[in-house]
Amino acid sequence: MLIEQVNVTLDPDTAHPELNLSEDRKSMRRGDKWKDLPDNPERFDANCCVLGCEGFTTGRRYWEVEVGDNRYWAVGVARESVRRKGKSNFSPEDGIWAVERWGDKYRVCTSHLSPSSHLKRILVFLDCTEGQVTIFDAETGASIFTFPPASFTQERIRPWFLVGTLTGSSIRLCL
């Protein structure tokens, strides 16, 4: 089966009010002010998250994300129905499959990870048909974590991103 590279763009309707999206919607930066944006149901209001515009129910895809030297971020996928209002845990039970860096620690759900070096580029691989999400170090090609198979039940799965607590933290989508 073909594996398609996806040109992901960020969905401004889902962006937390402290996120500043670039004009081309390929990067985001944590701002220091809460923007006066409509409180639509799609918008995250507690965690500085944003979804990709693209959503998938079938097929195998991947995309790359540059996290650079940022120390507070999370990258992965989320169900279309992921909770957007109030705090959320970043776990499959909450509809999020992601790896995160918080300071010098990397983790997935409750498991701590020990990559061989600091991750600067992440590759997210999504196989909707098999319910599989795998996170790779895009610089070395090493697999960082493969989540246990999930049942996506034909719900759209979308790219998901978070930048942490520091003003100026940023993430850039590659391609």
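**Figure 1. Lys120 and its salt bridge with Asp69.** In this predicted model, Lys120 is partly exposed, with a relative accessible area of 31%. Its partner is Asp69: the two residues form a salt bridge in which the closest N and O atoms are 2.2 Å apart. Asp69 lies in the loop between β5 and β6, while Lys120 lies in the loop between β9 (111–113) and β10, so the pair ties together parts that are 51 residues apart in sequence. Asp69 is exposed, with a relative accessible area of 59%. Side chains of opposite charge can pair when their charged atoms come close.

**Figure 2. The salt bridge between Asp104 and Arg71.** The side chains of these two residues meet at 2.8 Å, N to O. Asp104 is exposed, with a relative accessible area of 53%. Arg71 counts as partly exposed, at 34% relative accessibility.

**Figure 3. The salt bridge between Lys85 and Asp39.** A search of the whole structure finds 16 salt bridges. In the one shown here, the side chains of Lys85 and Asp39 meet at 2.8 Å, N to O. Lys85 lies in the loop between β6 and β7 and Asp39 in the loop between β3 and β4, so the pair ties together parts that are 46 residues apart in sequence. Lys85 is partly exposed, with a relative accessible area of 29%, whereas Asp39 is exposed, with a relative accessible area of 60%.

**Figure 4. Arg43, a buried charged residue without a salt bridge.** Arg43 is found in the loop between β3 (27–30) and β4 (49–51). The residue is buried yet has no salt bridge. Why is there no salt bridge to Asp13, the nearest side chain of opposite charge? Asp13 is 4.8 Å away, and a salt bridge requires a side-chain nitrogen of Lys or Arg within 4 Å of a carboxyl oxygen of Asp or Glu. The side chain of Arg43 does reach backbone oxygens: that of Ala15 at 2.7 Å and that of Pro12 at 3.1 Å. Not counting residues up to four places away in sequence, Arg43 touches Pro12, Asp13, Thr14, Ala15, Pro17, Leu37, Pro38, Arg84 and Lys85.

**Figure 5. Glu155 and the backbone of Glu80.** Glu155 is placed in the loop between β12 and β13. A polar atom of the Glu155 side chain lies 3.4 Å from the backbone nitrogen of Glu80. With neighbours within four places in sequence left aside, the contacts of Glu155 are Phe56, Thr57, Arg79, Glu80 and Ser81.

Figure 6. The structure contains six aromatic pairs. One of them, formed by Tyr72 and Trp102, is edge-to-face, with 5.2 Å from centre to centre and 85 degrees between the planes. This pair links distant parts of the chain, since Tyr72 is in strand β6 and Trp102 in strand β7, 30 residues apart. Tyr72 is buried, with a relative accessible area of 18%, whereas Trp102 is partly exposed, with a relative accessible area of 38%. Trp97 and Phe152 form another edge-to-face pair, again with 5.2 Å between centres and 85 degrees between the planes. Trp97 lies in strand β7 and Phe152 in the loop between β12 (143–146) and β13, so the pair ties together parts that are 55 residues apart in sequence. Both Trp97 and Phe152 are buried.

**Figure 7. The largest nonpolar core and the surroundings of Phe161.** In soluble globular proteins, nonpolar side chains tend to be buried together. The largest nonpolar core here has 36 residues, and those with the most contacts inside it are Trp63, Trp73, Val75 and Phe161. Elements that give two or more residues to this core include β5 (60–66), β6 (72–79), β7 (96–102) and β13 (157–163). A second, separate core of eleven residues includes Ala74, Ala78, Ile96 and Leu162. Beyond its neighbours within four places in sequence, Phe161 is in contact with residues including Val8, Leu10, Met28, Trp63, Val65, Val75 and Leu173.

Key
Residues numbered from 1 in each chain as written. Predicted model: local features only at pLDDT ≥ 70, side-chain atom pairs only at ≥ 80, totals over all residues. Heavy atoms only, no water. Core = buried A, V, L, I, M, F, W, Y, C linked by side-chain atoms within 4.5 Å. Buried < 20%, exposed > 50% of the residue type's maximum accessible area, 1.4 Å probe, protein only. Helix = DSSP H or I, 4+ residues; strand = E, 2+ residues; numbered from the N terminus. Contact = heavy atoms within 4.5 Å. Lys, Arg positive; Asp, Glu negative; His and termini not counted. Polar contact = N/O pair within 3.5 Å; in protein donor to acceptor, adjacent residues only side chain to side chain. Phe/Tyr/Trp six-rings, centres within 6.5 Å; stacked < 30°, edge-to-face > 60°.
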